[in-house]
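Here are my notes on the model, as numbered points. They start with the cavity and then turn to the aromatic rings and the sheet.

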Amino acid sequence: MSHAQAMSGKGLSRRTAITAGAATVASLGIGTAAAHPAAAQDRAPSGQPRPTIVLVHGAFADASSWSPVIERLQDRGYRVLAPANPLRGLHHDAAHITAFLESVEGPVVLAGHSYGGAVITQAAARTPGVRALVYVAAFMPDAGDVLGELSSRFPGSQLAPALIQVPSPAPDGSPGIDLYLRTDKFHQVFAQDVPRDTARVLAAVQRPLSATAFGDRATEAAWRTLPSWTLIATEDRGIPPELQRFQARRAGSHTVEVPSSHLPLHSFPHAVTSLIRSAAGAVRR
């Protein structure tokens, strides 16, 4: 398996912009880099609009899974939107998010968690308003990748044995299968560092993923032409950390690691928020 970075699609001017924003990642307080004043990330130049932050949730969740991060971004004065991800398959979901993005005026920083990362990778490829991508414990497929195959490249996921299959009609009315995460496995597999009471609520309100999503083939990869930032969850039992690292290297992504479960949105919301603010700060330069 080659771990070469797929960097041929990135222009020098964009790389310069990425480099200018890289130092702000140090404010996450992870690694050995010196910290920078966090407030500097949020100051927009006179007359230049801040980007809108659009957050796309993953499987077995809804948009409220971003709540801890939304609150922190709003406290910093950002406009934040968290649309519903239908979870009906990669191409269906990407088309839905693309349509939503086309309704947002001005520059956008687009973030995806988990399966939502695959959706933003596809959706942003044809959406000019998106200026940066943020991946949080997420899939980052390249064109031609199939999510099921991608997830099996590295060991460590405990997801498959914890899934329940429920017959459900597909969007076109044909027979389909919905996948749920067993409520008695949700904390262990998805959220071992989140309080059990919180995990029980999240398990109860989870939304299913169509089984077709794992067989869908990505046709575009927006990270080839857009700068990206990635948070790797080193204790993730859903998407293996080594897969997350491989994808980030392949995309040439600014990367930070936290000792999190698959739900850093809840266990490390400050780190997630800071990474998104870093991307937003680079967009404004």
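1. The largest cavity is lined by Ala59, Phe60, Ala61, Asp62, Ser64, Ser65, Phe186, Phe190, Leu202, Val205, Gln206 and Leu263. A cavity here is a set of points on a 1 Å grid over the protein atoms alone where a 1.4 Å probe fits but cannot get out, and lining residues have an atom within 4 Å of a point. By class the lining has eight nonpolar, three polar and one charged residues (Ala, Val, Leu, Ile, Met, Phe, Trp, Tyr, Cys and Pro count as nonpolar, Asp, Glu, Lys and Arg as charged, the others, Gly among them, as polar).

2. This is a predicted model, in which local features need pLDDT of at least 70 and side-chain atom pairs count only at pLDDT 80 or more, while totals for chains, interfaces and linings use all residues. Residues are numbered from 1 along each chain as its sequence is written, and side-chain values use heavy atoms, with hydrogens and water left out.

3. How much space lies in the largest cavity? About 70 Å³, where a volume is the space filled by probe spheres set on the grid points, which are joined across faces, edges and corners. The search of the whole structure finds one cavity of 30 Å³ or more.

4. Rings of Phe, Tyr and Trp (its six-membered ring) pair if their centres lie within 6.5 Å; planes under 30 degrees apart count as stacked, over 60 as edge-to-face and the rest as tilted. The count comes to three aromatic pairs. Phe60 and Phe190 make an edge-to-face pair, at 5.9 Å centre to centre and 75° between the planes. Phe60 is in the loop between β1 (52-56) and α2 (67-75) and Phe190 in helix α6 (residues 186-190), so their pair ties together parts 130 residues apart in sequence.

5. Phe60 counts as buried at 3% relative accessibility, and Phe190 counts as buried at 3% (buried means under 20% relative accessible area, exposed over 50%, partly exposed in between, with a 1.4 Å probe and protein chains only).

6. Six strands form an open sheet with parallel pairing, in the order β2-β1-β3-β4-β8-β9. Helices (H or I, at least four residues) and strands (E, at least two) are DSSP runs, numbered from the N terminus, and two strands pair if DSSP finds at least two bridges between them. β2 (80-81) and β9 stand at the edges with a single partner strand each, so one side of each has no neighbour in the sheet.

7. Trp229 in β8 is the bridge partner of Val134, and in β9 the bridge partner of Trp229 is His254.

Note on methods:
1 Å grid on protein atoms, 1.4 Å probe; cavity = no way out; pocket = protein on both sides within 12 Å on 5 of 7 lines; lining within 4 Å.
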